[in-house]
Amino acid sequence: MRKNKKTSIIASAESFIVRGLMMKLKGIGIDAEFCGSDVHKLQQKEDVTDLFIVYMDDAITADTDLLVYLKTVCMQKEKAVALIGSKEEYDIVMKYLAKEMVWQWFERPLDMDKFLSEIQKFMTSFSFDSLKKNLLIVDDDLDYMHMIREWLKDTYKVSMVNSGLQAITWLAKNKVDLILLDYEMPVTSGPQVLEMLRSEPDTKDTPVMFLTGKSDRDSIVKVLDLKPTGYLLKSIKRDELHQKLGDFFREKE
C-alpha cells in the first residue's frame with residue numbers, strides 16, 4: 001500500500017494559475033501532477049491518485065464525459081475530489097457529482113494559505129469513509145439485513161443490529177444520518193422502537209425509514225404521529241433503494 005497520498009490537478013489548460021498551484025503544493029512537499037481533462041489520460045492515473053483537484057471553468061463545467069467519469073471513479077475506487085471555482089461553477093458540477101465524494105469546495109479568489117493547510121490535513125488524516133453518510137439497519141432477519149448491507153456498503157457506512165433494544169443501546173453511543181427500521185420484529189416492534197427514539201432528545205429528530213412488507217393504510221396511519229421519514233417495501237430492488245436514499249439525502253441538503 002502507498003504511504004504518501006497523491007494529487008492530480010484537472011483543468012482545461014495548464015495555465016499560469018494552475019502552474020502556480022502546482023508549485024505551491026510541491027513547495028510544501030505534496031505530490032501534484034497536472035492531468036488536463038482528457039478522460040483517457042486520467043484513467044492512467046486513477047490507481048495512483050487519492051485526490052483529484054478540479055480547477056473549474058466553462059470548459060470543465062460543460063464536459064459531461066469528465067464529470068460522469070469523476071463520479072464513477074470516485075465511487076468505485078474511493079477517490080476524493082476538491083473543487084476550485086465560483087458558486088455558479090460549483091452548482092453546475094454538483095448536478096453530476098454526489099456530495100459525499102466531494103471533500104471540499106474552495107471558492108475563487110482562492111485563499112491559498114487555507115487551501116494549502118486543508119490539503120495538508122487531507123494528506124495526513126483523510127479517509128474516504130469520512131465523506132459517507134452513516135446508516136443503521138435494524139432487522140431481525142439476518143439474511144435480509146446482510147443483503148441490504150452488501151447493496152449499500154460501497155456508498156454508505158452501514159452498521160447493523162438485529163433487535164429494537166440493540167438499536168436503542170447502539171444509538172446511545174453512536175450517531176447516524178438515517179435508520180432503516182424493520183416494521184415487524186419480535187419483542188420490540190419497529191413502531192415501538194421509533195416511539196422510544198422520538199422520546200429521547202438525542203434521537204428525536206433522527207430520520208427513520210421503515211423497511212416493511214406491510215403497505216396497508218392502517219400500518220402507515222398507525223405511526224404517522226411519530227413522523228417516519230418514509231416507507232420502503234422489502235421487495236424493493238437494489239437500484240430503486242439507491243435511488244430512494246440518494247433522493248432523500250439530496251433533498252435534505
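## Nonpolar cores

A nonpolar core is a set of buried Ala, Val, Leu, Ile, Met, Phe, Trp, Tyr and Cys residues joined through side-chain atoms within 4.5 Å. In this predicted model, the largest such core has 24 residues, and those with the most contacts inside it are Ile10, Phe52, Val54, Leu70, Leu83 and Leu97. At least two residues of this core are supplied by each of helix 2 (39-45), strand 3 (51-55), helix 4 (64-77), strand 4 (80-85) and helix 5 (87-93). Helix 4 provides the largest share, seven residues.

Another core, of 21 residues, lies apart from the largest one; Ala32, Ile53, Phe106 and Phe122 are among its members. Within the largest core, Leu97 is one of the residues with the most contacts. When neighbours within four places in sequence are left aside, leucine 97 is in contact with Leu67, Leu70, Lys71, Val81, Leu83 and Val102.

Strand 3 is largely enclosed by the rest of the structure, because five of its five residues are buried. Both of its faces are covered: Leu51, Ile53 and Tyr55 are buried on one side, and Phe52 and Val54 are buried on the other. Phe52 and Val54 are among the residues with the most contacts inside the largest core, while Ile53 belongs to the core of 21 residues.

Strand 3 pairs with strand 1 (residues 7-10) in the parallel sense over four bridges. In this pairing, valine 54 of strand 3 is the bridge partner of isoleucine 10. Strand 3 also pairs with strand 4 in the parallel sense, over five bridges. Here leucine 51 stands opposite alanine 80 in strand 4.

## Helix 9 and its surroundings

In helix 9 (residues 190-198), the buried residues are Gly190, Pro191, Val193, Leu194, Leu197 and Arg198. They cover an arc of only 160 degrees around the axis and are therefore on the same side of helix 9. These buried residues pack against helix 8 (164-171), strand 8 (178-182) and strand 9 (208-212).

Valine 208 is found in strand 9. Its relative accessible area is 0%, so valine 208 is buried. Not counting residues up to four places away in sequence, valine 208 touches Leu194, Leu197 and Arg198, as well as Leu178, Ile179, Leu181, Pro228, Thr229 and Gly230. The C-alpha atoms of valine 208 and lysine 87 are separated by 32 Å, and these two residues are 121 residues apart along the chain.

The loop between helix 9 and strand 9 contains threonine 203. This threonine 203 is buried, with a relative accessible area of 8%. Leaving aside neighbours within four places in sequence, threonine 203 is in contact with Leu171, Leu197 and Arg198.

## Backbone features in loops

Arginine 108 and proline 109 are joined by a cis peptide bond, with omega about 0 degrees. Proline 109 is located in the loop between strand 5 (102-107) and helix 6 (112-125).

Valine 187 lies in the loop between strand 8 and helix 9. Phi of valine 187 is near 70 degrees, a positive value in a residue other than glycine. With a relative accessible area of 76%, valine 187 is exposed, whereas valine 208 is buried.

Terms used: Residues are numbered from 1 along each chain as its sequence is written. This is a predicted model: local features need pLDDT of at least 70, side-chain atom pairs count only at pLDDT 80 or more; totals for chains, interfaces and linings use all residues. Side-chain values use heavy atoms; hydrogens and water are left out. Buried means under 20% relative accessible area, exposed over 50%, partly exposed in between (1.4 Å probe, protein chains only). Contact means heavy atoms within 4.5 Å. The arc is that of the directions from the helix axis to the C-beta atoms. Two strands pair if DSSP finds at least two bridges between them.
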